[in-house]
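User: Hi! Could you walk me through this model? I'd like to start with what your terms stand for.

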Amino acid sequence: MKDRPVYEKHNSFVEIRYQHKDALAEAMNRIVRVRKGDDLLKGMSEVHRKVFQQVCKDLLDPDPQDNQPLFSLSPNVIEEIATCSDSDLPRYLVHRYRYEIYPQKKILDEYPPYLQIEPSSVCNFRCVFCFETDPTFTDNSQGYMGQMTLDLFKQIIDQAVGNVEFISLASRGEPLICKDIVPMLEYTCGKFLNLKINTNASLLDEAKCHAILAGGVKTVVFSVDAAAEPLYSKLRVNGDLSVVLNNIEKFQKIRQSQYPDLPVITRVSGVKFSDEQDIDSMQAVWGGLVDQVAFVQYNPWENVYSQPSNDLVEPCSDLWRRMFIWWDGKANPCDVDYKSTLSQGSITEFSLSELWRLSAYEALRVDHINSKRESRKPCTACTVV
């Protein structure tokens with residue numbers, strides 16, 4: 001690579017701190033237990049039953065001679081398992097296997113393992129490491145800015161239920177800007193194993209706190225990159241650390257007082273952009289307010305269209321892992337391509353499954369498998385694998 005590190009999208013944590021003790025032993029014991037419970041597999045397709053069997057084999061009876069990728073339990077997965085009931089655990093493990101192992105084996109089925117839905121492409125911040133700093137993107141005349149309608153959101157959710165279990169409400173913009181975010185969250189209640197929302201927390205009022213906690217959200221990520229000023233404002237331009245701190249404190253109070261038994265994971269997560277950022281100061285400020293404090297690897301996507309080609313030939317795993325649906329229904333393979341040059345269709349034209357299996361999408365995957373990233377822009381300058 002030309003002075004740019006490879007970005008592993010599925011393993012992007014640089015550092016992460018957990019509030020709870022490692023629960024690996026308990027997770028493994030639960031997997032042993034549900035493996036014996038045939039009644040828990042009722043209603044699962046034959047394909048997914050085989051996947052579950054493979055998960056159990058990888059975890060409990062690994063073959064040292066097998067050169068295939070093995071499924072394992074990372075700390076964040078162990079934390080997620082703790083939020084699952086025994087009845088949901090087999091299904092969770094199947095879809096986690098699809099998320100982690102299918103991209104390694106280049107397995108493609110009828111739906112993406114992970115779906116990111118964009119309630120809003122508009123953001124009130126201009127973080128220095130984000131493509132929202134690109135004026136050709138944020139200029140309203142360019143057509144990239146907007147908010148998803150509730151009707152379109154419901155159409156996407158209705159197609160995803162029972163087919164995609166990992167959903168994220170976030171992408172290019174701040175989701176809480178969307179005027180319909182509260183009814184959107186209400187509509188997701190009880191429909192997915194892992195629904196995540198990412199927010200900068202600047203607009204987190206009491207109504208939105210309740211909507212998140214009473215809806216179907218299982219993971220709440222507060223995007224915060226520093227523990228003190230002036231570093232916070234230097235990185236999160238237009239942000240106010242005191243407002244964000246007060247809002248996260250408010251969220252935690254509401255969670256503790258009114259939803260004490262809710263199986264939700266909260267995380268303060270920052271982009272590791274500067275040597276001034278350190279995990280200890282983050283933990284000191286945010287550790288008492290959330291379950292996890294983390295930094296993720298910086299990916300220089302804010303200028304990918306102007307970057308020169310690199311020599312990366314390894315396929316991008318996201319082509320088998322996730323799909324994005326923008327606010328206007330446009331489907332895109334990734335958010336590095338924030339101007340949608342790789343988009344081949346819209347949810348208003350095709351079903352979710354059809355979009356995932358479009359011939360043009362397949363052709364993009366073939367190019368990546370055949371080490372032809374240089375034939376695709378912005379893949380040719382991207383570092384995601």
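Analyst: Buried means under 20% relative accessible area, exposed over 50%, and partly exposed in between, with a 1.4 Å probe and protein chains only. This is a predicted model, where local features need pLDDT of at least 70, side-chain atom pairs count only at pLDDT 80 or more, and totals for chains, interfaces and linings use all residues. Residues are numbered from 1 along each chain as its sequence is written, and side-chain values use heavy atoms, with hydrogens and water left out.

User: Thanks! Is R255 buried or exposed?

Analyst: R255 counts as buried, because its relative accessibility is 12%. R255 is found in helix α11, residues 241–258. Helices (H or I, at least four residues) and strands (E, at least two) are DSSP runs, numbered from the N terminus.

User: And what is R255 in contact with, leaving aside neighbours within four places in sequence?

Analyst: L213, P260, V264, T266 and D291. Contact means heavy atoms within 4.5 Å.

User: Switching to the sheet, what's the strand order?

Analyst: The sheet is open, has ten strands and runs β1-β7-β6-β5-β4-β3-β2-β8-β9-β10, with mixed pairing. Two strands pair if DSSP finds at least two bridges between them. β1 (13–18) and β10 (345–346) stand at the edges with a single partner strand each, so one side of each has no neighbour in the sheet.

User: What packs on the sheet?

Analyst: Helix α4 (residues 89–100) does, touching β2 (114–117), β3 (166–169) and β8. The direction of α4 makes about 70° with that of β3; axes here are lines fitted to C-alpha atoms, for helices over the stretch in contact, and angles run from 0 to 180 degrees between N-to-C directions.

User: Which way do the β3 residues point?

Analyst: F166 and S168 point one way, I167 and L169 the other, and all are buried. On pairing, β2 and β3 are parallel over four bridges, with L115 opposite I167. Four bridges also join β3 to β4 (residues 194–199), again in parallel, and L169 has I197 as its bridge partner there.

User: Nice. Which residues have the most contacts inside the largest nonpolar core?

Analyst: L115, F222, I248, W286 and I325, in a core of 86 residues. Helix α7 (residues 150–160) gives the largest share of this core, six residues. A nonpolar core is a set of buried Ala, Val, Leu, Ile, Met, Phe, Trp, Tyr and Cys residues joined through side-chain atoms within 4.5 Å.

User: Now N332, where does it lie?

Analyst: N332 is in strand β9, residues 330–332. N332 is buried, with a relative accessible area of 0%.

User: Which backbone oxygens does the N332 side chain reach?

Analyst: The side chain of N332 reaches the backbone oxygen of C334 at 2.8 Å, and one of its polar atoms lies 3.1 Å from the backbone oxygen of D337. A polar contact is a pair of N or O atoms within 3.5 Å; within protein, one must be able to donate a hydrogen and the other to accept it, and residues adjacent in sequence count only if both atoms are side-chain atoms.

User: Last one: which residues of α15 are buried?

Analyst: In α15 (residues 359–369), they are Y361, L364, R365, D367 and H368. Seen down the axis, these buried residues fall within an arc of 160°, so they line one face of α15; the arc is that of the directions from the helix axis to the C-beta atoms. They pack against α13 (318–321), β8 (322–325) and α14 (352–356).
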